[in-house]
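Subject: Structure handover

Hello,

Here is the structure I promised to pass on. Please open it beside this email and follow along residue by residue.

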Amino acid sequence: ETRVELVSERSGQVLGGASGGGKDELRRVTLDLSAWKGEVVRLRLVDHADNAHLMFDDFRLHEKPLAP
């Protein structure tokens with residue numbers, strides 16, 4: 001299992017995340033972080049797979065939501 005998680009530094013709670021669903025292609029994932037404004041959050045890359053790998057690229061923060 002491979003995934004990316006957004007984790008609260010204070011509580012350790014996973015606030016959101018994404019996985020590739022077993023596909024070897026990049027896709028854009030967006031998360032609304034407005035509920036955690038002012039809190040420290042961390043990205044956690046998880047790789048527990050014997051036969052898979054993580055691909056992580058183009059991480060960006062935006063002040064306003066992106067248009068669909």
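Start with Arg28. Arg28 counts as exposed, because its relative accessibility is 60% and the cut-off for exposed is over 50%. Arg28 lies in the loop between E2 and E3. Now find Glu63, which is 35 residues away from Arg28 along the chain. The C-alpha atoms of Arg28 and Glu63 are separated by 17 Å. Keep in mind that this is a predicted model.

**The overall layout**

Step back to the protein chain. It has three strands and zero helices. From the N terminus on, the elements run β-β-β. The C-alpha atoms fill a box of roughly 40 × 30 × 15 Å along the principal axes. Of the 68 residues in the protein chain, 15% are buried.

**The sheet**

In what order do the three strands sit in the sheet? The order is E2-E1-E3. The sheet is open, and its pairing is antiparallel. Strand E2 (14-18) and strand E3 (41-47) are the edge strands, and each pairs on one side only. From one strand to the next, the twist averages 25°.

Look at strand E1, residues 2-8. E1 is joined to E3 by seven bridges. Val7 has Arg42 as its bridge partner in E3. Val4 has Leu45 as its bridge partner in E3.

How many bridges join E1 to E2? There are four, and these strands run antiparallel. Glu5 has Gly17 as its bridge partner in E2. E1 and E2 also form a hairpin, with five residues between them. Gly12 sits in the turn and has a positive phi of about 80°.

Is E1 mostly covered or uncovered? E1 is mostly covered, with six of its seven residues buried.

**The salt bridges**

Next, the charged side chains. In general, side chains of opposite charge can pair when their charged atoms come close. A search of the whole structure finds seven salt bridges. Here are three of them.

Begin with Arg44 and Glu5. Their side chains meet in a salt bridge at 2.7 Å, N to O. Arg44 is in strand E3 and Glu5 is in strand E1, so the pair links parts of the chain 39 residues apart.

Then take Glu39 and Arg10. Their side chains meet in a salt bridge at 3.3 Å, N to O. Glu39 lies in the loop between E2 and E3, and Arg10 in the loop between E1 and E2, so this pair ties together parts that are 29 residues apart in sequence. Glu39 counts as partly exposed at 29% relative accessibility. Arg10 counts as exposed at 67%.

Last, Asp58 forms a salt bridge with Arg60. Their closest N and O atoms are 2.7 Å apart. Asp58 is partly exposed, with a relative accessible area of 34%. Arg60 is exposed, with a relative accessible area of 52%. Salt bridges that share partners also make a network: Glu1, Arg3, Glu5 and Arg44 are joined in one.

**The aromatic pair and the nonpolar patch**

How many aromatic pairs does a search of the whole structure find? It finds one. The partners are Phe56 and Phe59. Their rings are stacked, 6.3 Å centre to centre, with 25° between the planes. Why do they count as stacked? The angle is 25°, and planes under 30 degrees apart count as stacked.

Phe56 and Phe59 also belong to a nonpolar patch on the surface.

Two members deserve a second look. Phe56 counts as partly exposed at 42% relative accessibility. Leu45 is found in strand E3. Leu45 is partly exposed too, with a relative accessible area of 47%.

Best wishes

Key: Residues numbered from 1 in each chain as written. Predicted model: local features only at pLDDT ≥ 70, side-chain atom pairs only at ≥ 80, totals over all residues. Heavy atoms only, no water. Pairing = 2+ DSSP bridges. Helix = DSSP H or I, 4+ residues; strand = E, 2+ residues; numbered from the N terminus. Axes fitted to C-alpha atoms, helices over the stretch in contact; angles between N-to-C directions. Phe/Tyr/Trp six-rings, centres within 6.5 Å; stacked < 30°, edge-to-face > 60°. Buried < 20%, exposed > 50% of the residue type's maximum accessible area, 1.4 Å probe, protein only. Patch = residues over 30% accessible without salt bridge, like charges linked within 9 Å, V, L, I, M, F, W, Y side chains within 5 Å. Areas by Shrake-Rupley, 256 points an atom, 1.4 Å probe, with all protein chains shown as cover. Salt bridge = Lys/Arg side-chain N within 4 Å of Asp/Glu carboxyl O.
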